[in-house]
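Here's a walk through a model you have on screen, going from the overall layout down to single side chains. Keep the viewer open as you read.

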Amino acid sequence: MSSFALTLHIPSVVSVRNTKLLGRSVSDSCRNWSGLPKSRSRRGYGLCCKAELSELAPAVSAGYGVLLLGGGLFAYSKSGSKGSLFGGLTGSVLMASAYFLTKSPETRVLGDTIGLGSAFLFSSVFGFRLASSRKPVPSGPLLLLSIAMLSFFVMAYMHDSLPVAVSVPVPVPVPDALPLP
């Protein structure tokens with residue numbers, strides 16, 4: 001059986017964290033997503049991705065906000081639903097704030113938290129809507145998208161809130177007990 005390795009090359013994205021401390025090396029030219037050793041072919045390195053979750057969070061939050069706004073506007077124009085318009089506007093405002101907060105390293109965890117909370121909110125709203133209406137469209141795809149965004153922001157939050165290096169104290173040797181006279 002042959003194995004297939006998926007790697008993605010994006011030369012404009014550069015890692016900002018020192019991942020050497022986490023057991024990974026940034027000197028690799030690409031990350032092999034299947035865990036297999038990377039192979040060099042005549043064409044070069046193939047597809048390679050050096051982006052981390054914290055670097056992708058602004059783009060993901062902006063894309064999710066645009067989709068929420070577009071869905072709210074579409075539902076309002078199609079059926080006159082003011083609730084969908086309000087939900088789309090609220091979601092886009094929350095994702096815009098997450099976008100601007102995740103761009104700065106100092107406020108990245110707060111931006112991930114806002115993205116996580118709003119993705120949880122929309123996952124629950126679309127889940128309730130799907131359960132009550134029993135119609136898979138439009139609640140089903142929006143529920144799947146919101147769950148995907150929720151899992152992304154959970155991983156980004158965990159990645160950004162964990163310390164970069166954990167120092168383990170070296171135990172001090174205890175001297176042997178002296179014999180009693």
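## Ground rules

First, a word on "buried": a residue gets that label under 20% relative accessible area, "exposed" over 50%, and "partly exposed" in between, using a 1.4 Å probe and protein chains only. This is a predicted model, so to speak of local features a pLDDT of at least 70 is needed, side-chain atom pairs count only at pLDDT 80 or more, and totals for chains, interfaces and linings use all residues. Numbering starts from 1 along each chain as its sequence is written, and side-chain values use heavy atoms, with hydrogens and water left out.

## Overall layout

The protein has 4 helices and 0 strands, giving the pattern α-α-α-α along the sequence. Helices here are DSSP runs of H or I with at least four residues, strands are runs of E with at least two, and both are numbered from the N terminus. Of the 181 residues, 26% are buried. Take the contacts (heavy atoms within 4.5 Å) between residues at least 6 apart in sequence: 64% of them join residues at least 24 apart.

The UniProt record, an unreviewed entry, annotates "transmembrane region" over residues 56-76, 83-101, 113-130 and 142-159. Those positions are in the numbering used here, feature names are shortened, and annotations may be inferred rather than shown by experiment. In the model, residues 83-101 are 100% helix and 0% strand, with end C-alpha atoms 27 Å apart. Residues 142-159 are also 100% helix and 0% strand, and their end C-alpha atoms lie 25 Å apart.

## Helix α1

α1 runs over residues 53-79, which is 27 residues. From first C-alpha to last it reaches 37 Å, close to the 39 Å expected at 1.5 Å a residue; the expected span is 1.5 Å times one less than the number of residues.

Which residues of α1 are buried? They are Ser54, Ala57, Pro58, Ser61, Tyr64, Gly65, Leu68, Gly72 and Ala75. An α-helix has 3.6 residues a turn, so residues three or four places apart point the same way. The buried residues of α1 pack against α2 (82-102), α3 (108-133) and α4 (139-161).

Arg134 follows α3 and has a positive phi, near 60 degrees.

The axes of α1 and α3 come within 11 Å and cross at roughly 35 degrees. Axes are lines fitted to C-alpha atoms, for helices over the stretch in contact, with angles from 0 to 180 degrees between N-to-C directions. The crossing is left-handed, meaning the near helix is turned anticlockwise from the far one by less than a right angle (clockwise would be right-handed). At this meeting, Ser54, Ala57, Tyr64 and Leu68 from α1 face Arg108, Asp112, Ala119, Phe122 and Phe126 from α3 as contacts.

Ala98 sits in helix α2 and counts as buried because its relative accessibility is 0%. Not counting residues up to four places away in sequence, Ala98 touches Ser61, Gly111, Ile114 and Gly115. The C-alpha atoms of Ala98 and Pro58 are 7.3 Å apart, although the two residues are 40 apart along the chain.

Over in helix α4 there's Ser139, buried at 3% relative accessibility. Leaving aside neighbours within four places in sequence, Ser139 contacts Phe126, Arg129 and Leu130.

## Aromatic pairs

How many aromatic pairs does a search of the whole structure find? The count is 3. One is Tyr99 with Phe100, edge-to-face at 5.0 Å centre to centre and 75 degrees between the planes. Rings of Phe, Tyr and Trp (its six-membered ring) pair if their centres lie within 6.5 Å; planes under 30 degrees apart are stacked, over 60 edge-to-face, and the rest tilted. Tyr99 is partly exposed at 25% relative accessibility, whereas Phe100 is exposed at 59%.

Phe152 and Phe153 also pair: their ring centres are 5.5 Å apart and the planes sit at 75 degrees, so this one is edge-to-face. Phe152 is buried at 11% relative accessibility, and Phe153 is buried at 0%.
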